[in-house]
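Trainee: I would like to go through some labels that get attached to residues in a model. Please show me the structure, and I will ask what stands behind each label.

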Amino acid sequence: MSSPSSVSTVLDAVIASLDSAARHNPGDVAKPAAILWSDPDGQWKPVIPGLQAKMPHLLVLGDYAPAERRGPAIWIKCVIAGVLPEITLPAGEVPIIYMPGVGRQLLRAGEECPLTLQPLAELQFRGTVWTQKNGKDWTVEAFLVSEEGVGLDVAKDAATRSAMLGALTALADTPISILRGKRLEAEDFDRLVIDDQPRDLLTWLGDPEGTRKRWEAPKWSAFCSRCRADYGFDPVRDGELAGGERLGLRDGAWAAVWARFVDAPTVFPGIPELLTRSKPAGLMFVKDAWPDENDEAEGRLRNALLAFDELAHGDARRRTEELEKEHGTRRTWVWARLGRSPLATSLSYLTALAQRTASKMGGDTPDEMARAYAEGGFIADEAAMCALAAVRSVADLRAVQTAVRSLYLPWLESAAEQFQRVVAMSPLPSRGRQDDVSVPEGGCIVFADGLRFDLGQRLASKAEARGLRVTRRHRWAALPTVTATAKPASSPVAEDVAGDELGETFTPDVAASRQSLTTDRFRKLLMEAGYEVVQGHDTGTPGRPNARAWSEAGQIDKLGHDLQGKLAAHLEGEVETLLDRVLAMLDAGWRSVRVVTDHGWLLLPGNAGLPKADLPHYLTACRWARCAAIKGGSKVTVPTASWHWNPTRTFAVAPGVHSFSTGNEYAHGGLSLQECLIPDLTIEPANAVSTSAASIVDAQWLGLRCRVTVQPADASLSVDIRTKPNDAGSSVAAAPKPLATDGKAGLIVADDGLVGTAAVLVVLDAAGRVIGKRPTTVGGEE
């Protein structure tokens, strides 16, 4: 359950790709100093002004023009360093440096790099470069056809390439939905330039004075003539306010203009303000065209949600249904797509939360409760997080927090109390009583601290949407649900770890030496067990014999402790970061990735967070938010549980969803389904066949001929070159070729216009399934 994508135009897709390049894991690597965007042919120059309007942190290499955020390399270095008062970059954003006329090879030329570029050369080491996966610069064509970009079907002839570049300004603002579902040829791109009167009318309505200045006299004259003929509207005589009113009323031919605005509203930023000024007086039967109507409805909804703190749980659920009937339709209005209906968006998740909390979580054993939770109970947690993430302003967040507490807390408390009762009768598995966490040869484990069950399902759904095959399982976290105890239990070396005394940190020992399990000792155990410990952006060596790896990614738990209730707004980005890591490991050649975690958590924002439970300090050796080590033979009145590593040692657990300290909106360590039932995912390529996997061990280009070597050598296999590995229709080879008995084959690309195109070499089994692949560039690297 996640909010809809904000990518509607080609320009939006470029922004999303640049944002993705800035994504990093702060736990492993430093934040990039900058994103370098090399464009040796200057193909992207027409869209840079539009990008800068949306990305004020985009700087352009060129002549000194600070008002346009353009200047020489040394000026750009000073801007990034923050030492120039004339320009300030937005806080928290990674600067993007667009370099027209500069190729990546020029920056990497060392001493041969031109003096004018040398101040930027070192940023390729402290920053990152916006390139294709094969390291090539992003051309316009590559971005349009690549699955990493827009994924369009574009003809590869010279006429189409020329028309595409000529139409780039118009293409950038075109809704992607209009471009998909057909092969785009020169005529399609030409039509974008010469035949889009609705776009021109919206452009003028949103900025009459600026648009008139930009257009030459012939274009302005033709535009006015078409407006009079097609829309019964004279821009000069009637003016933009009359046009705004007709746009909102959308009668006759104006309906098509309104539809064009709705298709890509971000392209026309001046339209909302125009509609506010031009709204006609009197009774309005159709309200969705006028932004002030939506704003007023958001205000009414905010006040209604704030009143939830006075409602009992049942009344809150019924009130949520009433509000959904009143406001749900606003999510279909264009203002929701522009981010002006955050509360209406949040309400959809609040409605799901109300429905999921209508009945209590049941079950007479931990496994029965786990089954009910995994089959749908977790959706309540997901809905609560999405409702909180949908809003940004303080006023909106306060309103949603109030509603979430009213709907969520009673259900959460009841489920935790029942879970603690059944665990007291049927304890969770201790050391050696649960399947180990291991992977077969060629497999990699990605550990994500604090990947709660609902987030694991979100990650699985995203991976499946990318065409990957996901096996969903779950397991029990070790108790108490804190990292020191639970992380080694979710690793391949769990049997090499043991426990004696609880201590103040709940840290177990190395079984053989009885030394405390530090990070270094944990990694040593992993390496002794045959696991390569892969850190940062490294992807390890999947091609070595008996290859297995352990990697860590994400920082969900750290963000939870640092941000508390504000964590919800960051969860989507964290899941995306984990997916990026999984994809990177698979692309590197690992056959499968097993995603595991140590524990989940509770999150209840607002009103001082989780309810407070009393546990006197003098009864405890140490006290955390949701668990505590009991001092000596002290007797406590709160629930207790056995330590995973030594069941003869017990610790105190906060009752229900309470906390032993005040002010905790985020916490873990206790006994609840949200903390104890954790996801266990295995992610593989969709066409992976474990019994017949093959690897491309060598690929050599000689002109348009590629010589490929595959292991194991199997004459039943064949090879092909494709732009989309799983799409046989994207083949650029003259024909697929079967392997010879020595595992070799030669492929030919007939179209010399494809030189430099990013592609993928694929190995196919007898059924045509992809069982191996390797990125390449037609004609070879430069």
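This is a predicted model: local features need pLDDT of at least 70, side-chain atom pairs count only at pLDDT 80 or more; totals for chains, interfaces and linings use all residues.

Trainee: Why is Asp 200 called buried?

Mentor: Buried means under 20% relative accessible area. Asp 200 has a relative accessible area of 11%, so Asp 200 is buried.

Trainee: What makes Lys 219 and Asp 200 a salt bridge?

Mentor: The rule asks for a side-chain nitrogen of Lys or Arg within 4 Å of a carboxyl oxygen of Asp or Glu. For Lys 219 and Asp 200 the N to O distance is 3.2 Å, and their side chains meet in a salt bridge. The pair links distant parts of the chain, with Lys 219 in helix α14 and Asp 200 in helix α12, 19 residues apart.

Trainee: How do you know that Arg 183 and Asp 153 form a salt bridge?

Mentor: The N to O distance between their side chains is 3.1 Å, and the cut-off is 4 Å.

Trainee: What makes Glu 273 and Arg 277 a salt bridge, and where do they lie?

Mentor: Their N to O distance is 2.7 Å, to be set against the limit of 4 Å. Both lie in helix α17, four residues apart, which is about one turn of the helix. Glu 273 has a relative accessible area of 44%, so the label is partly exposed. Arg 277, at 43%, counts as partly exposed too.

Trainee: How many salt bridges does this rule give?

Mentor: The count comes to 40. Some are joined up: Glu 382, Arg 458, Lys 462, Glu 572 and Glu 576 are linked in a network of salt bridges.

Trainee: Why is strand β8 called mostly covered?

Mentor: Five of its five residues are buried. Gly 443, Ile 445 and Phe 447 are buried on one side, and Cys 444 and Val 446 on the other, so both faces of β8 are covered.

Trainee: How do you know that β8 pairs with other strands?

Mentor: Pairing needs at least two bridges. β8 has five with strand β13, in the parallel sense, and Ile 445 has Trp 550 as its bridge partner there. β8 also has five with strand β14, again parallel, where Val 446 has Val 595 as its partner.

Trainee: Which residues touch the most other members of the largest nonpolar core?

Mentor: Leu 305, Phe 419, Phe 506, Trp 601 and Leu 671 do, out of 118 residues in that core. Helix α23 gives the most to this core, with 14 residues. A second, separate core has 42 residues, including Val 14 and Trp 130.

Trainee: What does Trp 601 touch?

Mentor: Contact means heavy atoms within 4.5 Å. Leaving out residues up to four places away in sequence, Trp 601 touches, among others, Met 385, Arg 452, Leu 567, Tyr 666 and Glu 675.

Technical notes. Residues are numbered from 1 along each chain as its sequence is written. Side-chain values use heavy atoms; hydrogens and water are left out. Buried means under 20% relative accessible area, exposed over 50%, partly exposed in between (1.4 Å probe, protein chains only). Helices (H or I, at least four residues) and strands (E, at least two) are DSSP runs, numbered from the N terminus. A nonpolar core is a set of buried Ala, Val, Leu, Ile, Met, Phe, Trp, Tyr and Cys residues joined through side-chain atoms within 4.5 Å.
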